[in-house]
Protein chains: 2
Amino acid sequence: MKKVGIIGVGLMGGSLAMALKSRFRRLTICGYARSEKSLGRIKRLKIVDKVSRRLEDVVGESDIIVIALPIYASIEYLKKISPFLKRGAIVMDLGSTKELISRQAKRYLPQGIAFVGCHPLCGSEKAGAQHATRTLYRQAQCIITASRRDRATKVVAKLWQDVGARVSYLSARAHDELVSYFSHLPHILSFALTNTAPAQHKKFVPPSFKDLTRISHSPSHLWTDIFLSNRDNIIRDLDRFITALKGFRRLMRGNRRDLARFIDRTNRMTTLRP
Amino acid sequence: MKKVGIIGVGLMGGSLAMALKSRFRRLTICGYARSEKSLGRIKRLKIVDKVSRRLEDVVGESDIIVIALPIYASIEYLKKISPFLKRGAIVMDLGSTKELISRQAKRYLPQGIAFVGCHPLCGSEKAGAQHATRTLYRQAQCIITASRRDRATKVVAKLWQDVGARVSYLSARAHDELVSYFSHLPHILSFALTNTAPAQHKKFVPPSFKDLTRISHSPSHLWTDIFLSNRDNIIRDLDRFITALKGFRRLMRGNRRDLARFIDRTNRMTTLRP
C-alpha cells in the first residue's frame, strides 16, 4: 500500500488520514477538495500530503480510496471516481448506513474493483477537519459489511486494526436494522424532545434531559442522508416505539402493580447496561 | 432550630442529615426506622444522632420534620405524624411531584403546622442511605413550591442555602408541568427504549443509546409513585410527543428539504443546550 486517496477530508476522513500517516510514514495520502476554499483549509491543517481539486490526481494510482462523505454524496462520488480507478484498487466508505451504498457500489464500480463498506462507531456532534484527531479510531468498534473471506476485506480490516479499531462483520442488511434501533431511533427521540420542549424554565433542565438531548445537535447534512437511506427500517422501528408509548399510556391508566412490574422488568434488562 | 426529624433516611434524607450535621454541630438529628433491620443499618452508618422506630420520638420536639420517602408513602406519614407535631413545627418533603402532596398536607396536617414542598434536582439512579453524602446538595437546584413570603418558607430556604443549594420558587402546578416534560417524559422514553430493544448485538450499542438509557435503571419504588402522582400532565405530554413522532414519520415519507429544515430548526434551539 503506497497511496491512499481520501474524498471528504472532514472529521472522519481527516482523522483516518492522520492515524494512517502516523502509522505508515512512507504512505502518500492525497485528499480531494471540492472548492478552492476547502483546498486552502485542508492545506493549512496539514492533515494530508497532497490536496487536489482533480479527482484523477486523488484516485489514480491509489491502492485504497476512502469515501468519507454524507451518504448520497458518497454515492455520487462512486460514479465520478469510476473512470480513474486503477486495476485492483479498493474503495471503502465510512457511512452510517450500508445497504444502499453497497447496492450502488455494485452498480457503478467497474469490474475488478472491490467495495468494502465500513461503519466506525465513533462519530461526534462535532464535524469538520478542524476537529480531526489521529486517536479518533482507537478502541472504536468498526463494522465491516463485506464478506470477511475476500482479499479486499482482509486488507481493509488490517487497516482498521492498524489505527486501533476493533473490527466486526455484519451483513449490510443486519447492520442497517441494528443502527435503526440503536442509533437512528434515539436521534429521532432526541430531536423530537428538543423540538417539542417548552422554551421557558431553562434553568431547571435536569441532567436526564440533557443526556437525552445532547445528540439533537447532530448536523442535518449528515442526518438527513442517514434517515432517508434507512427509511424502511426507521419507519418500522418508529411504529413499534409509538406502540410501546401507547402501551405505557395504558399502564398510566391501569393499576399500580402493572406499572411497577413494567419498570422492574426494564431495570432487569441488564444486557443493555453500559 | 435544635432538633430535626427525618422520616426516610435514604439517599436524599441521609444526605440532608449529613449536610446539616456538618454545618450545625449542636443540632440533634433523629431518624425514623420502619424495621429493626433498617434501624440497625442506619445506626451502623452513623448518619443521624438518634434512630427510633417510634414516630413520637422522631417528630415530638422537632422544629423541622423532613419526609424523604416515595410520594404515596410520604402522604401516609403526613397522617401518621400529625398527632405528635409540636406547635410551630415545619413539615417539608423532598418528593419529585408537588401538587398531590401539597393538597394532602393541607388536608391532614393540623392548624398551625406549615408544610413546605421541596424538590432538590439532584437525584441519582443510586438509592439507599449507603450512598448518602454530605455534598449531594452542593450547587444543586432546589425548587420550593410554597409562598416565598411565609415564615416557614424562609426557614426552609435558609436551610437549603446552608447546605449549598440554590433555591427557586414555583407553584406546585407549574412545577409538576415542568418536571412532566423535562424529567418524567425522558424517563418514559428511556424505559420504552430499553424495553423494546432487540436483545442481540449488545457489543454494538453506541454511546448515544447508552446516554438515552442510563436513566432506565431508575428504581420502580420511586418512579411508580412519581408517574401516578403526575398522571394528567404526563398523559398530556405523552400524547403531544406521540403526535410529534407521527409528524416525524410523515417527514420520512416527504421531501428531503422539509426533513433537513426540521433538523436545522432543532439544532438552532440553543436555549436548551447544556
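Modeller: Let's settle one set of words before anything else: a residue is buried under 20% relative accessible area, exposed over 50%, and partly exposed in between (1.4 Å probe, protein chains only). This is a predicted model, where local features need pLDDT of at least 70, side-chain atom pairs count only at pLDDT 80 or more, and totals for chains, interfaces and linings use all residues. Residues are numbered from 1 along each chain as its sequence is written, chains are lettered from A and ligands numbered from 1 in the order in which they are written, and side-chain values use heavy atoms, with hydrogens and water left out.

Now the salt bridges: the term means a side-chain nitrogen of Lys or Arg within 4 Å of a carboxyl oxygen of Asp or Glu. Searching the whole structure turns up 30 of them over all chains. One joins Asp49(A) to Lys21(A), with the closest N and O atoms 2.9 Å apart. Asp49(A) sits in the loop between helix 2 (36-45) and strand 3 (50-52) of chain A while Lys21(A) is in helix 1 (residues 11-23), so the pair ties together parts 28 residues apart in sequence. (Helices, H or I of at least four residues, and strands, E of at least two, are DSSP runs numbered from the N terminus.) Asp49(A) is partly exposed at 39% relative accessibility, and Lys21(A), at 21%, is partly exposed too.

Another pair stays within one helix. Asp237(A) and Arg240(A) have their closest N and O atoms 3.3 Å apart, and both belong to helix 10 (residues 231-253) of chain A, three residues apart, about one turn of the helix. Here Asp237(A) is buried at 1%, whereas Arg240(A) is partly exposed at 35%. There's also a network of salt bridges that links Arg23(A), Lys158(A) and Asp162(A).

Then come the ones between chains. Arg256(A) and Asp225(B) meet in a salt bridge at 2.4 Å, N to O; the pair runs from helix 11 (residues 256-268) of chain A to helix 9 of chain B. Arg256(A) is partly exposed at 40%, but Asp225(B) is buried at 2%. Arg256(B) and Asp225(A) also form a salt bridge, at 2.3 Å, N to O. Across the interface of chain B and chain A there are six salt bridges. The contact (heavy atoms within 4.5 Å) takes 78 residues from chain B and 78 residues from chain A.
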